[in-house]
Amino acid sequence: MKCNAEKLEALVDGGLSPEEAAEVQTHAAACADCGEELRWLRSERELMRRRAARDPLPADLWSGVEARLHATPARSWARPLGFSTAVAAAAVLAFLGGRHAAERANPRAPVEVTQAPAARYRTVSMSTTDNDVIDQAEEEWRRAAGELEGLYFKERGRLRGREAEPIEEAMEEARRSIAEARRLAGRDVDARVAVLHSYSNYVQSLHTVVSNLEVVR
Amino acid sequence: MRKLILPLMLLLPQPASARVPDWWRRVGWSEADAERSDGAEMARLAVRGAVKLRLQALAGDVEVVPGGDKQVTVKLLEGDGTRVSFREEGVDRVELLFDGVPALRCGHLCVEVPRQSAVDVTSASGNVALSGVGGDVRVRSTSGEVHIAGAAAAEVRSVSGSVAVAGAGGEVRVETVSGDVSVATLGTGARVAASTTSGDVHWSGSCGSGCRLEARTLSGDVALTVGDKSSFALRFQTHGGEVSDDLKLTVAGPRREGNLMARYGAGDGLIEAQTFSGDLHVSRRQR
């Protein structure tokens, strides 16, 4: 088999059958690229697990979405909250893809979703509408972005001279772009899923910047 | 909304003087600099052949080009005395260190690698140009432009800079938040997935059997500049965008608001374009 990032992630997340897991593990043991990717994924998941343990997900994560949605004014991007939420958001993205496929086959079929590691691989039934789920995912991405922005500003003193300027301009531009896209998307599900991908891109980039900052003196 | 950009730069054999991208000049990196060695930090590493190069930059411009078959050469201009060294792992993995740390902080870095090398660049700010390396490339950039030419597969994630990929031999995946995306492909079997939140997407090439092109943007435009040898089905989905078609596509399905299904030629390949408020422009590529 060839390197397959999705399979590696699924392996780490416990989403493969024993046969598939064995196949991927065997390949990763012999393939330097996959081996390194697998080690990285495992260390990342471990970090997230530790952070999740420190800052556990709220018990009403999936049930109180609508109430929070209608009660929630615009939140500050900089509000630092649990990083583990990014994983939950990733799970929502994956869920949405599966949900759309399922609804095309049977519009009223109940859909099951397996949550990501932060939710301890529980399988739960989802009965909320797409927009409700997206609201939740968006909230989680914003939390993740807020936490990473908080980490960035905590560590930005490691940057020299004007190194921070282009990074912060890019962050500002990304926030502006995503906010405008969100406004534009309204309640359109496809457009909102696209906005979630933008959050994902932004959060991953923030993670990269923060990781880079950690290696410099 | 109609700001259609994207002159597709790069590639194809050109005289050396023409290979200097515009952004080099903007940052003050001229061809003369490339020839000058005084004041530049230089380092060489003997290798057996193609390598897997990893490079991280917090700041500074990065260029990677093909060089000798048995060595990796690094030249850092305006590096403020930064020492460049190598970290090797296994038989072919090479990482660049700057004063012992795997993060470039300043200057203009030029790396020559053996052809067919794979390159993985992470850049927080600064421009990245990978030209003719021939292997798979991956770039993750927060700010700054990304130009890739003559790679195998290319995967790029960028936040605010524009991304241009040309001449990739394999699958191309590009994702940006606000940057424009420009992709030019060779042959008729291109496999491209390009998405951006607010930027424009421009693809240029021929799409025939085996071709699969996905172009998505929320508020930007999608422009397809199509070669004569193309044969594809087109699905366009939009909320408020419009279509301009200079190619005279054959409408292939029921025309519903916000959806267009069309065909060009026998419909061998597949192009899916999606915008929310942006327009789709389809035009013929000029010879």
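In these legends, two residues touch, or are in contact, when heavy atoms lie within 4.5 Å. The model is predicted: local features need pLDDT of at least 70 and side-chain atom pairs count only at pLDDT 80 or more, whereas totals for chains, interfaces and linings use all residues. Residues are numbered from 1 along each chain as its sequence is written, chains are lettered from A and ligands numbered from 1 in the order in which they are written, and side-chain values use heavy atoms, with hydrogens and water left out.

**View 1. A:Ala21 in helix H2 of chain A.** A:Ala21 lies in helix H2 of chain A; helices (H or I, at least four residues) and strands (E, at least two) are DSSP runs, numbered from the N terminus. Not counting residues up to four places away in sequence, A:Ala21 touches A:Leu11 and A:Leu16. Why is A:Ala21 counted as buried? The relative accessibility of A:Ala21 is 15%, and buried means under 20% relative accessible area, exposed over 50% and partly exposed in between (1.4 Å probe, protein chains only).

**View 2. The crossing of helices H1 and H2 in chain A.** Two packed helices are described by the angle between their axes and the distance between the axes. The axes of H1 (residues 5–12) and H2 (residues 18–30) of chain A come within 10 Å and cross at roughly 115 degrees. Such axes are lines fitted to C-alpha atoms, for helices over the stretch in contact, and angles run from 0 to 180 degrees between N-to-C directions. From H1(A), the residues A:Lys7, A:Leu8 and A:Leu11 make the contact, and from H2(A) the residues A:Ala21, A:Val24 and A:Gln25.

**View 3. Chain A as a whole.** Chain A holds eight helices and two strands, in the sequence pattern α-α-α-α-α-β-β-α-α-α. Of the 217 residues in chain A, 47% are buried. Among contacts between residues at least 6 apart in sequence, 74% join residues at least 24 apart. The accessible surface of chain A is about 11,100 Å², and 52% of this area belongs to carbon and sulfur atoms; the areas come from the Shrake-Rupley method with a 1.4 Å probe, and for residues only the protein chains shown count as cover.

View 4. Two strands pair if DSSP finds at least two bridges between them. Strand E16 (residues 191–196) of chain B runs parallel to E18(B) and is joined to it by six bridges, with B:Ala194 opposite B:Ala215. Strand E24 (residues 269–275) of chain B is also parallel to E18(B), again with six bridges, and here B:Thr217 stands opposite B:Thr275.

**View 5. The open sheet of chain B.** Twelve strands form an open sheet with mixed pairing, in the order E1-E4-E7-E3-E9-E11-E13-E15-E17-E19-E25-E21. The edge strands, E1 (41–46) and E21 (243–245), each pair on one side only. From one strand to the next, the twist averages 10 degrees. Five bridges join the parallel strands E13 (residues 163–168) and E15 (residues 181–185) of chain B, where B:Val165 stands opposite B:Val183.

**View 6. Nonpolar cores.** A nonpolar core is a set of buried Ala, Val, Leu, Ile, Met, Phe, Trp, Tyr and Cys residues joined through side-chain atoms within 4.5 Å. The largest has 64 residues, and those with the most contacts inside it are B:Leu109, B:Val111, B:Ile148, B:Val165 and B:Leu224. A second, separate core of 36 residues includes A:Ile178, A:Ala185, B:Leu58 and B:Phe276.

**View 7. B:Thr197 in a loop of chain B.** B:Thr197 lies in the loop between E16 and E17 (201–205) of chain B. B:Thr197 is buried because its relative accessible area is 2%. Leaving aside neighbours within four places in sequence, the contacts of B:Thr197 include A:Ser177, A:Ala181 and A:Ser198 as well as B:Thr217 and B:Gly220.
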